[in-house]
Amino acid sequence: MPLALDVAIEVAKLNGVCIHPIEMRRQDIVTGREETFDIPCGATQEAKCPPCAKRNRYLRMAQCREGWHLEAEPVTEPDPATEDQRWLIEFRADVQAKRDAAERDGMSEEVADWDAAIQAIDAEINQAGMRGTVLGGRTAPKRSRSTRRRQDAPDLPRRAMRNTTLGRAFTGTDGKVFRPSLFITLTLPSYGRIRSGQGVPVDPASYDYRRAARDALHFSKLVDRFVQNLRRVAGYDVQYFATVEPQKRLAPHLHMAIRGTLPRAEVKAIATATYHQVWWPAADEVRFEGEHLPVWTPRAELPDNGTYPDGQAGDYLDPATGELLPTWDEALDQLDQDDDAEPLHVIRFGDQTDVQGVLAGTPDADQCIRYLSKYLTKSLGDTIDTDDPARRGHAARLVEALRYEPCSPSCPNWLRYGVQPKGAKPGMAPGRCRGKAHKPEHLGYAGRRVLVSRKWSNKTLAEHKADRRAWVLNALGLAGDPAENDPHRYVWKPVSTKDPTRTPLAKRLLRGVANRQRTRLRLLELEARAEGAPEPDLSAVPVLEGAA
């Protein structure tokens, strides 16, 4: 016989109720009343919470649909600064001046105190509704390299940029205006022959797993280059909605909806000419492995300001010779001084580039949107969870190739190749990087699964959620209720798992199912009233307070 709690969880899934709700306590600062509410966990993976993952998928579909075929420019002008925001910036300027004066006078302790105060003020600036920081995101000088294109990459045409995000419009013979858009699929090149329909190599020994691993690690950078080249060739600020998912051979590939249109041959030429060079120290010769690993040694002297320029409190040295390994900055300096240096890796797209034209409001557009969001609720590693031993072996070999590949400047795997990682600290060891890219469920790709340009739909995902909430409140007749629309009226606090008054999970699931059924029937009642049909009977449906 099934357990009652398991059945309750299944019923919650069928009714779209979160199965891992977060219990929050809300206090009304006007009346002093306290209530408990269940907030959805917000998981995006179906394996964690199917209802929340499905809800997130529908949000992404709405975001894609609203921005794909816009007919007017999105509004991107920020709101004017408030009086409180201007006061915060003035206060920040005064503190910065005092901090700079203390630094000129050599008062290191006061400088540290002022830095802590500035950090707290910057946090208040963000809480007040301002993005970013006053000083900007980059404080260290950026390393620059020659932008001359590689000789093995074809040149691209470059058009004068127009200040628009809309593509070309075409007028038919009947006077109707069409704004076609594009749906593009980009893949990586081949690493060896693959068995048709199975996604496993014919000869694993000759399959280039190292190149496959490096391509997966740097795939997001290649996508950024493609967007830059696309905008240069198109001549306007191209907007896109893209998703990344694995192929059967476990290599990532990209589906991209683009606002506006370009000739198919031109898009394919852009993909062919796009590449990304990884200018990192050499990582092909193994210097330390097994028991022969670099040893950490603390630095003896501490600078007057209390911090080291590179942020390291020590260095790694060769256990046999005692020689210090070059730091990350020193390794890059050596690379810059070498005129014959070559990039560690060059990543390009493969030959299979698919370009389709799409018109707004057509079945093709709806099909493309469903295809874009098809795998958003799945993990990248779900494709290897099969009973096929050949696929499991293929995935295991790829994960093993990723194990010792450096995923970032701060990856501990650099010690394997005789270079200290950026910001090195004690306890690092090759093959033990905790980065997202090295986990089997990510298959080397550590970037975002959904890539959306800033001017796509003129809304953030939170604003799309607010639209859904506003629709429900309006349908239930609660849109004008000040108690539901005043964000400053309530104080929210999570209920601790050790709180004796915490509601058991089973009761919260039942409460959520009952409220979801009640809300659905109320919506059906309002819809029937609008159409003049008989209203459903709501007397038999219980209502339990506390489900969000």
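These legends describe an overview and several close-ups of a predicted model.

Figure 1. The chain has 548 residues, and 39% of them are buried. Take the contacts between residues at least 6 apart in sequence: 72% of these join residues at least 24 apart.

**Figure 2. Helices H3 and H4 pack against each other****.** Helix H3 spans residues 83–104, and helix H4 spans residues 108–127. Their axes are 9 Å apart and meet at an angle of about 165°. Angles over 145 degrees count as roughly antiparallel, so H3 and H4 are roughly antiparallel to each other. The crossing of H3 and H4 is left-handed. On the H3 side, the contact includes Leu88, Ile89, Phe91 and Val95, along with Arg92 and Lys98. On the H4 side, Val111, Trp114, Ile118 and Ile121 are among the residues that take part, as are Glu110 and Asp115. By class, the contact holds 10 nonpolar, 1 polar and 8 charged residues.

**Figure 3. Helices H6 and H7 pack at an angle of about 140°****.** Helix H6 covers residues 219–234, and helix H7 covers residues 264–273. Their axes lie 10 Å apart. With this angle, H6 and H7 are oblique to each other. Their crossing is right-handed. Four residues of H6 are in the contact: Phe226, Asn229, Leu230 and Val233. They meet Glu266, Val267, Ile270 and Ala271 of H7. The contact of H6 with H7 has 6 nonpolar, 1 polar and 1 charged residues.

Figure 4. How many disulfides does a search of the whole structure find? The count is 0. A disulfide needs two cysteine sulfur atoms within 2.5 Å. Is Cys368 buried or exposed? Cys368 has a relative accessible area of 7%, so it is buried.

**Figure 5. Leu250, a loop residue with a positive phi****.** Most residues other than glycine have a negative phi. For Leu250, phi is near 75°. Leu250 sits in the loop between strand S6 (240–246) and strand S7 (252–258). Its relative accessible area is 3%, so Leu250 is buried.

**Figure 6. Leu443, in a loop and with a positive phi****.** Phi of Leu443 is near 55°, and this residue is not a glycine. The loop that holds Leu443 runs between helix H10 (389–403) and strand S13 (450–452). Leu443 has a relative accessible area of 3%, so this residue is buried.

**Figure 7. Asp340, an exposed residue in a loop****.** Where does Asp340 lie? Asp340 is found in the loop between helix H8 (328–337) and strand S11 (345–348). Its relative accessible area is 65%. Exposed means over 50%, so Asp340 is exposed. Arg264 is 76 residues from Asp340 along the chain. The C-alpha atoms of Asp340 and Arg264 are separated by 38 Å.

How values were computed. Residues are numbered from 1 along each chain as its sequence is written. This is a predicted model: local features need pLDDT of at least 70, side-chain atom pairs count only at pLDDT 80 or more; totals for chains, interfaces and linings use all residues. Side-chain values use heavy atoms; hydrogens and water are left out. Buried means under 20% relative accessible area, exposed over 50%, partly exposed in between (1.4 Å probe, protein chains only). Axes are lines fitted to C-alpha atoms, for helices over the stretch in contact, and angles run from 0 to 180 degrees between N-to-C directions. Helices (H or I, at least four residues) and strands (E, at least two) are DSSP runs, numbered from the N terminus. Angles under 35 degrees count as roughly parallel, over 145 as roughly antiparallel, 65 to 115 as roughly perpendicular and the rest as oblique. A crossing is left-handed if the near helix is turned anticlockwise from the far one by less than a right angle, and right-handed if clockwise. Contact means heavy atoms within 4.5 Å. Ala, Val, Leu, Ile, Met, Phe, Trp, Tyr, Cys and Pro count as nonpolar, Asp, Glu, Lys and Arg as charged, and the others, Gly among them, as polar.
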